[in-house]
Amino acid sequence: MSSTRTDTTACILCSRNCGLSVELEGSHLKKIRGDKSHPLTQGYICQKAARLEHYQNQDDRLTSPLQRQPDGSFKPVSWDEALEDIAGRLLAIRNHHGGDAFAFLGGGGQGNHLGGAYSRQLLAAMNSRFSYNSLGQEKTGDFWVNGRLFGSQRCHTTEDVEHADFVLFIGTNPFQAHGIPNARDTLKHIQKDPNRTMVVVDPRRSETARLADIHLQLRPGTDSYLLSAMLAIIVREGLHDRDFLARRCLGFEEVEQALLTIPVADYARRADVPLDQLEKVARDFASAKTACVRIDLGIQQTLHTTLNGYLEKLLYLLTGNFGVRGGNNLHTMLLPILGDTDERNPKLKRTAHHGMFPIAGIYPPNILPDEILHNGEDRVRAVFVDSANPLVTWADTAAYEKAFAALELSVVVDVAMTETARAAHYVLPASSQFEKWEATGFNLEFPVNGFHLRHPLFPARAGTLPEPEIYTRLLEKMGELPPAFPKLERIARLESGRGLYPAYLAALGVTLASNRRWRPLAASIVYRTLGKSLPDKAAATAPLLPLAMVYAQKHYAAVKRAGHRGNRLTLGANLFRAILNGRSGVLLSEHQFSDLWSFIAHEDGFIHLAIPEMLAELRQLEAETLPGSDHPFILMAGERRSYNANQIYRDPAWRKVDPHGAMRMHPNDAEALALTTGDQARCRSAWGSIEVVIEVDDSVRTGMVTLPHGYGMRFRDSAPIGPELNRLTGSDHCDPLSRTPFHKYVPVQIEKADSATGEQ
Ligand SMILES: Nc1nc2c(c(=O)[nH]1)N[C@H]1C(S)=C(S)[C@@H](COP(=O)(O)OP(=O)(O)OC[C@H]3O[C@@H](n4cnc5c(=O)[nH]c(N)nc54)[C@H](O)[C@@H]3O)O[C@H]1N2
Ligand SMILES: Nc1nc2c(c(=O)[nH]1)N[C@H]1C(S)=C(S)[C@@H](COP(=O)(O)OP(=O)(O)OC[C@H]3O[C@@H](n4cnc5c(=O)[nH]c(N)nc54)[C@H](O)[C@@H]3O)O[C@H]1N2
Ligand code: SF4
Ligand SMILES: [Mo]
């Protein structure tokens, strides 16, 4: 009989990673509550976290490496056999075709980013740059704009929704999707306060829109019209912040000229919102004491993705709502999850088929099937997939299935038997996020930022390994790393009692300098050496020591303000120790708003407002017509609802509602098609067709239908459950600059699926 015990951890279902207080029995999560001691989330959770047992102990969990057999079946093999064969095949591909034949896909879902420090090394060992992940199908347009405005794609913006007098939500539904601190509480506070205003721009009367003072229910895909009209009203009426623009920005005049030509009334009509409401929102936003903008997929996965990101940022920049409490801000990060890759650099690696460049170091999933299927010596032949399920989640499932079938080697590292795993040559079982040291890199707060290192709640499930061990063993088998670094290990042991590691770090520097190939493999080297001396088998956390030291050096005063002690030499190691010991998470830094100006990466220190590519696209808007007129409906393919959570829960039993992932359709449209709630219908796009279950719902506009994200997976060898959304989406239906998909704007036809149409 096992007794219950309590512990702390964090939710792994969305970027908020709320702190959890859990009751455990044996290998089970029995009770899950919010952890009041978590410095940022302070006890808040949503309904999804209570079901985490469905992640931890699901029937699709993997417990042995699997090797594909010639007949297509999988055979369990030992870790040694799997890793040796994979290592040999990777080396053969690198030697025969060069590193560009290899691509890495994924590398951290919503809460498992510590493994990314290790998996990234494989790319370096393969001499490849091709890192594809889900940020490249949502956020890279935004990162590109940040690069131009602030001088680096690492400059990432956040929004102080909790303190703003005026909050503008565009294309996001934080009530369901979160993404802002303690979303539902925060929304209710704004709603209740008569002095604060909430405006939502969304074609659906979302759960958030219901709480808003004003809801602009625009026509799908028209945000660039709506946003540029708002900006035009602001500059025409002189509501911009001249002082801020003069002190902090360059290029305003050029932007102003482009905005002054905008036909505001025409654009309001195109967006199908009342002109007087649009004017009111523009004026009130500009004249509010403090205002901020929060955006998400509604503008990032629709027409003019990158331009939308630019216009949205101009809203707070032109009105001076930047670098202030209650405005939008830049922030710091402990884990370096974003790179800086400006495509104007001629040395940047472009892909063989599309000639596509990375943004923030990330290549876009929409081009990958072509890069694999491309008929040339320089095609992608081998992939590693980690913490992602691209055969369900990336655009154009049929293209992905075809591409995976053409690969010479595909390896999937996952906790569960996913659709992508089913198509792989090797499947490697990872320990779950509650069975290993883990952390999230989504620490996007300013001025106060935190970090939560999660310790294991349970021993690793038999047969599984944590990612740090998987990748380190693989690199050793590839001969990229020697089996041991005895000298480094010895020094780390000697210094471990003091918690300060000057001799170790000096020796590490000498080791890395002695061999150029080892430099990008530092994570595995510190894991195998310093890691062995850390308490509680926390070896995997060793790379956090150098990261904490860099962070403390860069943000010395802010780290001290957050309560950490030490001097220039000791603060970083002390911060590392605090992270290691802080079971509910710790505060990393407490900045002053004035610090933000030092985060801007342009050498002149200014924000560069005029981006030629964006101004050109803005000028072309007027001549455009909305695409898709030959299809009567615009499908929003991928809605966040109360019971979806990406691909993290596979067992359909976790859902209390919406078992089919129904298609929401306006009553007028349903009536015209003689459809009613519960009916089956067929939904066709230019790329594919799927069967759906209808739910009549007047929250959507007429002519618009929605399907939820986070379905379409098999469970215990079942057929796919709920909509396989990405059978309807196409690789080429994407933003021309960032190549992020137009998932929120998929033109479709819908018909009743019955004997009359000959469909089941
Ligand atoms: N419950 C739940 N929460 C999640 C997730 C989940 O799977 N389930 N996933 C997480 C992840 S990975 C992400 S990226 C976030 C995404 O979070 P969000 O982007 O907030 O969520 P979505 O529901 O995808 O889209 C937001 C809104 O965009 C609107 N929209 C559609 N088309 C348009 C348009 O043309 N213009 C405008 N202005 N709006 C439009 C939709 O009606 C919707 O209300 O959610 C995270 N949180
Ligand atoms: N049509 C359409 N498509 C979409 C979207 C949409 O709105 N519409 N949304 C998109 C968005 S915003 C996102 S972020 C993506 C999300 O899609 P993906 O990037 O594919 O990520 P997840 O769904 O989070 O899948 C995470 C995988 O990690 C596995 N996993 C969980 N824990 C661990 C672990 O500890 N180690 C390892 N190795 N694996 C683990 C899970 O089993 C799961 O297979 O989907 C995108 N796809
Ligand atoms: S799903 Fe997101 S908001 Fe809900 S408990 Fe988990 S981390 Fe928090
Ligand atoms: Mo996402």
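How many residue pairs are in polar contact across the interface of domain 3 and domain 5? The rule finds 12, both residues at pLDDT 80 or more; a polar contact here is a pair of N or O atoms within 3.5 Å, where within protein one must be able to donate a hydrogen and the other to accept it, and residues adjacent in sequence count only if both atoms are side-chain atoms. Here are my notes.

1. Ground rules. This is a predicted model, with local features needing pLDDT of at least 70 and side-chain atom pairs pLDDT 80 or more, while totals for chains, interfaces and linings use all residues. Residues are numbered from 1 along each chain as its sequence is written, chains are lettered from A and ligands numbered from 1 in the order written, and side-chain values use heavy atoms, leaving out hydrogens and water.

2. The layout. The protein splits into domain 1 (4–56), domain 2 (66–138 + 337–429), domain 3 (157–330), domain 4 (448–595) and domain 5 (633–755). These bounds come from an automatic or database domain assignment.

3. Where domains 3 and 5 meet. Contact (heavy atoms within 4.5 Å) links 23 residues of domain 3 with 20 residues of domain 5. About 1800 Å² is buried between the two, 54% of it from carbon and sulfur atoms; buried area is the accessible area (1.4 Å probe) that two parts lose on being put together, summed over both. In domain 3, Arg204, Pro220 and Gln301 lose the most area to domain 5, together 33% of what that side buries.

4. Charges across the gap. The rule finds 3 salt bridges across this interface, a salt bridge being a side-chain nitrogen of Lys or Arg within 4 Å of a carboxyl oxygen of Asp or Glu. Separately, look up Asp272 and Arg701: they form a salt bridge with their closest N and O atoms 2.8 Å apart.

5. A sheet to trace. Seven strands make an open, mixed sheet in the order E5-E4-E17-E16-E15-E6-E7. Strands (E, at least two residues) and helices (H or I, at least four) are DSSP runs numbered from the N terminus, and two strands pair if DSSP finds at least two bridges between them. E5 (74–76) and E7 (131–132) sit at the edges with a single partner strand each, so one side of each has no neighbour in the sheet. E15 (382–386) and E16 (409–414) run parallel, joined by 5 bridges; Val385 has Val412 as its bridge partner in E16.

6. Most residues other than glycine have a negative phi, and most peptide bonds are trans. Phe446 and Pro447, however, are joined by a cis peptide bond, with omega about 5°. His178, in the loop between H5 and helix H6 (183–192), has a positive phi near 60°.
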